[in-house]
Amino acid sequence: MRENRPVETSDVLTDEAVAFLTDLEREFRERRRELLARRAERLRRLRAGELPDFLPETAAIREGDWRVAPCPDEIADRRVEITGPVERKMVINALNSGAKVFMADFEDANSPTWENVIEGQRNVTDALERTIELDTGEKRYTLNDEVAVLFVRPRGWHLVERHFEVDGEPMSGSLFDFGLTFLRNREKARYFYLPKLESHLEARLWNDVFEWAQGSLAIPSGTIKATVLIETILAAFEMDEILYELRDHSAGLNAGRWDYIFSVIKKLGHRPEFVLPDRGDVTMTVPFMRAYCELLVKTCHRRGAFAMGGMAAFIPSRRDPEVNAVALAKVREDKEREASQGFDGTWVAHPDLVPVAMEAFERVLGERPNQIDRRRDDVQVTQADLLDVAATPGRITEQGLRNNVSVGIQYLAAWLRGSGAVAIFNLMEDAATAEISRSQIWQWLHHGKVSADEVRRVVDEEAARLGPEYAEARALFEQIATQPEYVEFLTLPAYERLP
């Protein structure tokens, strides 16, 4: 059984921090709620038959000749970025990895226990102050002379921080993570990643949050630079508008591939033409994913913004060189594709992948820090291209079902124990993996591609392999994956079960 241990917070939640966070929540609480209500209404319309499309009311922005504000020289070169949770050892190793950027993640790679959230804030501050170190008794971890530039990803707009209430209600997790990070490190915390946006209005809210925070702390406007993850199918139709809303604070867009697939199922998976095959078949080269990537590069470079590629989640095995050789060849091919498409950089999940990704981008970039000047005017992407899920090759197999069940239960069990980034079958998995896994099962059941009896049999078999300590995770995963009504985010009911 998990314990509720007291967490010391006095050095983090100072009187100044409590006042700042309270004011921040009160200033933006209603707008956040309105935007979440707007999400729910949009989902209702999609379920009623509407399809996403480019917005007619913002055509002037898409057709206009404008560019985002320039970024500082220290992030001009982002050819390889590494991501991971805000755990102390991970932070040190990632900063020392040789990557150009480390994204410290309070979102999908972090299980938001109160201890993880507070300790993560300490780790971010110590990293920015260059005082972070760790002595395990067997090894001492310290920072190298040259380290990656630190970005921070706060939680998405849909999440709350129940341990910090304002006027008797939990505070927005987004505002808590951002506000505390920026207040505690106001001279050094400049760079952020923004997750799970669904519209340019949500980007506008973030921009206003940045303006308010900078003004409150007498920091010059435009100091904050944020990269938006385009990881929802709705945001893919509003890339220009999102960059425009954040144009003074923009550090580009990122192709958040796993959450993007999850979003396609969530928003459109009730329609038979959007049924996806096994997750392993949905690569970045299938038509709808390729269209999304090429539009992202074209949009970013037209506006003078960074276009960042997706994650390579493979974890090299120290015991199996044959597995490594096959997987590294796939990683290399994937990164070469991104560099050739025009991306300015890419993501990896493990330090051993940094050299592989770096080599692929150096071959294209040479001495240039990025390829923002490479316009992709040859790219023409339509609504039909972005929605061409039906052209995805592949099959729905028992092995695909079994993998979804096993990975979903294993990840959820680790998340409930307080670990948000988990190595499973030589891949670094985060919450997006569990979301895809349970969403595919729901979709396949909904359209009769698998039977309820088949799902129950596979769940029973995989749970038996894993053992009794996975019972809670199995029950929650099975309930959400198989119930008739689609649950928007797995992490919302799972959050209620954290200590």
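Which residues lie nearest the centre of the second largest pocket? They are Glu 87, Asn 110, Asn 116, Gly 418 and Ser 419. This report covers the cores, cavities and pockets.

## Basis of the model

This is a predicted model: local features need pLDDT of at least 70, side-chain atom pairs count only at pLDDT 80 or more, and totals for chains, interfaces and linings use all residues. Residues are numbered from 1 along each chain as its sequence is written, and side-chain values use heavy atoms, with hydrogens and water left out.

## Nonpolar cores

A nonpolar core is a set of buried Ala, Val, Leu, Ile, Met, Phe, Trp, Tyr and Cys residues joined through side-chain atoms within 4.5 Å. Buried means under 20% relative accessible area (1.4 Å probe, protein chains only). The largest such core holds 119 residues. Phe 102, Ile 230, Tyr 292 and Leu 296 have the most contacts inside it. Helix α9, residues 287-302, gives the most to this core: nine residues. Helices are DSSP runs (H or I, at least four residues), strands likewise (E, at least two), and both are numbered from the N terminus.

What does Leu 296 touch, leaving aside its neighbours within four places in sequence? Contact means heavy atoms within 4.5 Å. The partners of Leu 296 are Ile 230, Met 239, Leu 253, Asn 254, Ala 255, Ala 307, Met 308 and Phe 343. A second, separate core has 33 residues, including Val 407, Val 455, Tyr 495 and Leu 498.

## Cavities

On a 1 Å grid over the protein atoms alone, a cavity is a set of points where a 1.4 Å probe fits but cannot get out; lining residues have an atom within 4 Å of a point. Grid points are joined across faces, edges and corners, and a volume is the space filled by probe spheres set on the points. There are five cavities of 30 Å³ or more. By class, the lining of the largest cavity has 14 nonpolar, seven polar and eight charged residues. Here Ala, Val, Leu, Ile, Met, Phe, Trp, Tyr, Cys and Pro count as nonpolar, Asp, Glu, Lys and Arg as charged, and the others, Gly among them, as polar.

The second largest cavity has a volume of about 150 Å³. It is lined by 17 residues, with Glu 107, Asp 108, Leu 159, Trp 415 and Thr 491 nearest its centre. Helix α14 gives the largest share of this lining, three residues.

## Pockets

A pocket is an open set with protein on both sides within 12 Å along at least five of seven lines. The largest pocket holds about 990 Å³. Of its 29 lining residues, Trp 258, Gly 280, Thr 283, Lys 330 and Leu 427 lie nearest its centre. Which element gives the most to this lining? Helix α10 does, with seven residues. The lining of the largest pocket divides into 14 nonpolar, seven polar and eight charged residues.

The second largest pocket, from the opening question, has a volume of about 810 Å³. It is lined by 34 residues. Helix α4 gives the most to this lining, with six residues. By class, the 34 comprise 12 nonpolar, 13 polar and nine charged residues.

Key
Buried means under 20% relative accessible area, exposed over 50%, partly exposed in between (1.4 Å probe, protein chains only).
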